[in-house]
Amino acid sequence: MISNIQVFCQKRQFLIVCALGIMLTMVLEFIVLRHYEEKLVKDVQGTVTAELVAKASALSTAVNRRLTILQGLLAFTDAVPNDGSIALYFDKFAEGLIKTTSGIRTLIIAPGGKATYVYPKQGNEKIIGSNIFQTARPEQVEALQRTLKVDHMVLNGPYELLQGGLGLVARQAIYRDQQFWGLATVVVDMSAVFAGAGLDQESEYTRFALRQVGGKVFYGDADLFEDRPVI
């Protein structure tokens, strides 16, 4: 006959085997779940990265499309050299120049820095006749000074405009007979740019924020940059 001790030992061995089996199953389940979780995370990161690259490209295209309008404004000043002709044709030319492009807040030609030709006039009454150099806000001064030293477009912003809203300002100095003549300026409404790039359409996994090179966040939630974002 099997003694009680032998029965106890057999039961104990059986329980140990069962416990080890359960532990092994739990470990395997943990490994499988962890692997599955990592795969899901990588899949989501891949989706987010692809979406972010697409949005960045769309944003760049949306901005550049509007900045080309400054070149049109410069071409106009070359083609219509005297002030009387500029006054006669500016509004019509400016209207046609931005007809198919949304988000252009203001076009300015400023002989000697004075905002003499402004389109549209409505909403820009505070600008008309002002001297850009004398009325420049602190965030504009450096860019204005740089505009006089280079022969290409200078960007300033985005920052809050006096007329309201977030704007990106593009300027270029105009020279005649190698002498400074004035400034050509395009003010871009960034809300239209963001919408055109699809940044206002958040997906299941993503939210967007934008910051300047110096670190200032000018669009979206600044806290996103503290939460291990894809940049």
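Modeller: Strands (E, at least two residues) and helices (H or I, at least four) are DSSP runs, numbered from the N terminus. This is a predicted model, where local features need pLDDT of at least 70, side-chain atom pairs count only at pLDDT 80 or more, and totals for chains, interfaces and linings use all residues. Residues are numbered from 1 along each chain as its sequence is written, and side-chain values use heavy atoms, with hydrogens and water left out.

Colleague: Okay, which residue in β4 does E160 stand opposite?

Modeller: That's L166. Y159, in turn, stands opposite G167 in β4. β3 and β4 run antiparallel and are joined by five bridges.

Colleague: And how many residues sit between β3 and β4 in the hairpin?

Modeller: Five, and G164 in that turn has a positive phi of about 100°.

Colleague: What's the strand order in the open sheet?

Modeller: Going across, the five strands run β2-β1-β5-β4-β3, with antiparallel pairing. β2 (117-119) and β3 (154-160) are the edge strands, each pairing on one side only. From one strand to the next, the twist averages 15°.

Colleague: Which strands does helix α2 lie across?

Modeller: Helix α2 (residues 83-97) lies across β1 (104-111), β2, β4 and β5, and runs at about 15° to β2. Contact here means heavy atoms within 4.5 Å. Axes are lines fitted to C-alpha atoms, for helices over the stretch in contact, and angles run from 0 to 180 degrees between N-to-C directions. Helix α4 (residues 138-147) lies across β3, β4 and β5, at about 170° to β3.

Colleague: Switching topic: how many aromatic pairs are there?

Modeller: Seven. Rings of Phe, Tyr and Trp (its six-membered ring) pair if their centres lie within 6.5 Å; planes under 30 degrees apart count as stacked, over 60 as edge-to-face and the rest as tilted.

Colleague: Why is the pair of F76 and F93 stacked?

Modeller: Their ring centres are 4.6 Å apart and the planes sit at 20°, so the pair is stacked. F76 lies in helix α1 (residues 4-79) and F93 in helix α2, so the pair ties together parts that are 17 residues apart in sequence.

Conventions:
Pairing = 2+ DSSP bridges.
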